[in-house]
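Here is a short report on one protein structure. Please look at the sequence and the model first, then read on.

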Amino acid sequence: MSNTLGYSTLAITGFTGLISNRFNQHVVIDQLAALKDLCCSEKAVKLSNGGDYVVKYPLIADQGEIAVAIKVFKPQSWWKDKYDHKNKSKAERSFHAARFLQDNGINTPVPIAWLERWDGTRLMESYYLCIFEPGTSFRDALSDIYYNQRNNAPLIDLLHIVAPAIRAMHDAGFMHGDMGNQNILLPRSETGAWLQPQFIDLNRAKYSSEPLTIKQRAFDLARIALPGAYLKIFKTIYNNHQDFPADFESLEQKARKRFWGHRRSVKWRHPIRHWKNKKRAASKPVYPPIQDIWLWDEKSAQPMIVPSRQEKHAYRKWRYLFSMVWQGVCAAPGIYRRYQQLLTQSYTTPIEMKGRIGIALHPHPDYTETELQLLEQLGNPPVLIRFCHHETATEWNRTIALVKQLRSKGLEVMLAVLQDRQALLQPDSWKQFLTLIIESLGDQVAHIEITHASNRLKWGIWSSDEYRQLMVPALELQQRFPHIRLVGPACIDFEYLPVIAALDTHPKTQPLAALSHLLYVDRRGAPEATQGRQFSTLEKSALLKALAQWSDRCSDKVIVSEVNWPVKHAGIWSPIGCPYETPKWRRDEPGENDDDYANYMLRYYLITLCSGHIEQVFWWRLSAHGYGLVDDRNNFMPRTAFYALAQLLRLIGTARFVRKLDTESNVYALEFDAEERKIIVAWRSDNNTSVIPASINYEKIIDRDGKELTAASISGAPIYLLGESTAMR
């Protein structure tokens with residue numbers, strides 16, 4: 001109700017206060033006169049604990065029974081009473097703050113009354129009443145997401161609701177003063193959707209007709225409790241989706257450090273209170289520890305970065321890092337000798353291309369029929385299928401059925417088994433998950449990759465000891481089913497120290513059937529671009545092969561089980577734009593256009609496989625809006641890359657790589673023997689173009705997408721130079 005209806009002085013002997021005219025009725029006044037007893041009656045439901053607490057009570061009014069929330073303020077020390085007697089009590093401050101919010105269109109439960117009883121300068125009773133609003137606190141909503149949903153989407157939705165509401169409150173000139181997560185109430189609609197937040201517990205508020213200063217905003221926001229990465233998103237949304245100036249960030253961080261440092265010191269400042277609270281604490285904390293918060297993002301098919309860099313350092317296991325570096329130092333000489341030798345052997349060994357180019361599918365019923373049709377258009381290459389521990393048994397069994405369907409069609413299948421943080425916190429669940437997969441499919445698949453990107457904290461693994469913990473049940477199952485071929489450790493990017501550390505945890509008696517790795521290109525450039533001074537995709541592949549040859553914990557076969565390029569303008573569906581497009585991403589528009597994506601993909605396949613260093617490469621994935629060959633948000637529209645891959649597979653998918661021709665710098669020319677003719681695939685690794693060398697004899701030119709050309713130059717888009725057909729000789 002609007003407070004334009006007015007308020008009246010409360011007429012109860014011995015009490016002072018104000019009451020809404022709507023409730024200024026004899027039946028209500030009579031109840032308020034006995035409020036102390038009502039709060040202790042059977043009808044009163046206690047909603048919070050502590051010295052100051054809240055009860056819900058069914059107040060009888062002329063218009064019927066109305067649920068109200070009554071904030072009961074505890075007796076104070078004499079010096080606090082003396083201050084409140086000269087100024088305003090908590091109850092009165094809460095009441096007037098609520099009126100201010102309502103006058104300015106900011107949501108708060110409708111104030112009904114405040115009343116209190118004084119004995120001289122001592123406050124004996126103090127109450128604030130408002131309409132009871134059912135809902136969930138921001139704190140409890142976050143707790144449910146962290147513990148139960150473990151999903152990024154509902155958290156981002158919450159931030160988009162809460163942050164603008166706080167901004168509107170601050171712009172109205174209202175500083176809450178105690179804006180913890182518990183003091184933001186989130187009502188729901190009948191359909192379960194979140195409604196606009198309501199601000200409660202207002203007795204520390206300060207307000208005026210002017211918007212808050214930067215310092216006041218920083219003071220208020222410092223009390224919001226979120227993991228560091230999401231706090232940054234929250235503050236950007238609050239600032240109308242723009243970056244804050246450096247001075248605000250400095251003020252907010254100082255206020256945050258001061259406030260939370262003060263909170264942590266309570267055990268020293270109030271040891272008895274701390275001991276009592278600890279004794280009656282719930283069986284689990286309100287929020288999990290930072291390292292145990294794991295949130296999945298379905299749009300980009302990956303977990304989200306949760307902690308800030310500072311929080312990562314606080315929880316990082318430094319002993320593991322030092323040990324990893326030492327293992328790398330010890331392994332370096334042996335690996336480097338092999339690397340130098342392998343690099344000189346690049347492109348010198350004939351390679352049978354059949355079965356080396358693979359692609360990942362999305363095992364979801366909305367995708368299956370379409371993806372199987374698309375896969376057939378590609379010639380049914382090998383397939384990678386993921387099993388995710390965070391999913392349900394229904395989804396696991398559905399994926400098992402898909403794998404069996406693929407095998408019935410004669411397709412080669414590799415499995416990737418992905419962990420979450422719960423896999424470590426609930427090891428029995430992880431063991432049952434692995435058992436289901438291996439018992440059901442172990443004899444039907446080529447390889448089973450156990451764990452995923454263990455060198456990325458967002459995937460839930462913080463050390464090689466935790467990696468070992470996840471591998472133990474898989475190795476036990478391998479003893480039961482010795483025919484299964486386990487691969488790993490599936491680390492990601494050009495970070496080979498974690499690979500060495502992870503391999504060191506494996507028993508020599510059970511070496512991995514292959515070293516699998518997620519080998520992306522640094523900074524999303526072309527595959528020939530170098531990281532550091534010398535490491536392009538070729539050198540990274542050779543070094544990975546050298547590592548596999550050096551280790552006695554795996555075979556020397558290397559599988560790249562994941563790679564892609566993010567697509568430009570994909571927004572939060574992009575693996576580098578999720579879960580929120582920052583101002584920087586909006587300015588830079590990261591990702592590749594369709595042409596570059598297609599060119600880079602073909603060149604990556606050809607470099608890694610024809611160099612002889614990589615056995616198989618699986619593209620992640622067939623259908624995905626932000627990074628796939630097919631746009632699943634646009635009616636499964638194939639991108640340029642899909643047709644380019646189909647053409648590559650059609651011409652050289654079953655061919656034999658023979659050699660790399662000698663060419664000028666930045667020009668690649670790879671020769672293949674197909675069944676009926678010689679084929680040369682040529683491209684440039686820079687932005688220039690050049691004529692086809694006179695030394696190359698060809699009869700026909702086919703461009704990247706399958707179109708026959710009468711003339712062409714060599715550019716970033718690979719072309720196919722077809723020699724004379726043997727049938728015509």
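## Backbone, helix contact and surface

His-241 sits in the loop between helix H8 (228-238) and helix H9 (246-264). Helices (H or I, at least four residues) and strands (E, at least two) are DSSP runs, numbered from the N terminus. The phi of His-241 is near 65 degrees, a positive value in a residue other than glycine. Most residues other than glycine have a negative phi, and most peptide bonds are trans.

This is a predicted model: local features need pLDDT of at least 70, side-chain atom pairs count only at pLDDT 80 or more, and totals for chains, interfaces and linings use all residues. Residues are numbered from 1 along each chain as its sequence is written, and side-chain values use heavy atoms, with hydrogens and water left out.

Two cis peptide bonds are listed here.

| Cis peptide bond | Omega | Place of the proline |

Next comes a helix pair. The axes of H13 (residues 318-344) and H19 (residues 497-504) come within 8 Å and cross at roughly 95 degrees. Axes are lines fitted to C-alpha atoms, for helices over the stretch in contact, and angles run from 0 to 180 degrees between N-to-C directions. H13 is therefore roughly perpendicular to H19, a label for angles of 65 to 115 degrees. The residues of this contact divide into 9 nonpolar, 2 polar and 1 charged. Among them, Tyr-320, Met-324 and Val-325 are in H13, and Leu-497 and Pro-498 are in H19. Contact means heavy atoms within 4.5 Å. Ala, Val, Leu, Ile, Met, Phe, Trp, Tyr, Cys and Pro count as nonpolar, Asp, Glu, Lys and Arg as charged, and the others, Gly among them, as polar.

Which side chain meets Arg-480 in a salt bridge? Glu-439 does, at 3.0 Å, N to O. A salt bridge is a side-chain nitrogen of Lys or Arg within 4 Å of a carboxyl oxygen of Asp or Glu. Arg-480 is in helix H18 (residues 464-480) and Glu-439 in helix H17 (residues 427-441), 41 residues apart. The whole structure has 37 salt bridges.

Conventions. Angles under 35 degrees count as roughly parallel, over 145 as roughly antiparallel, 65 to 115 as roughly perpendicular and the rest as oblique.
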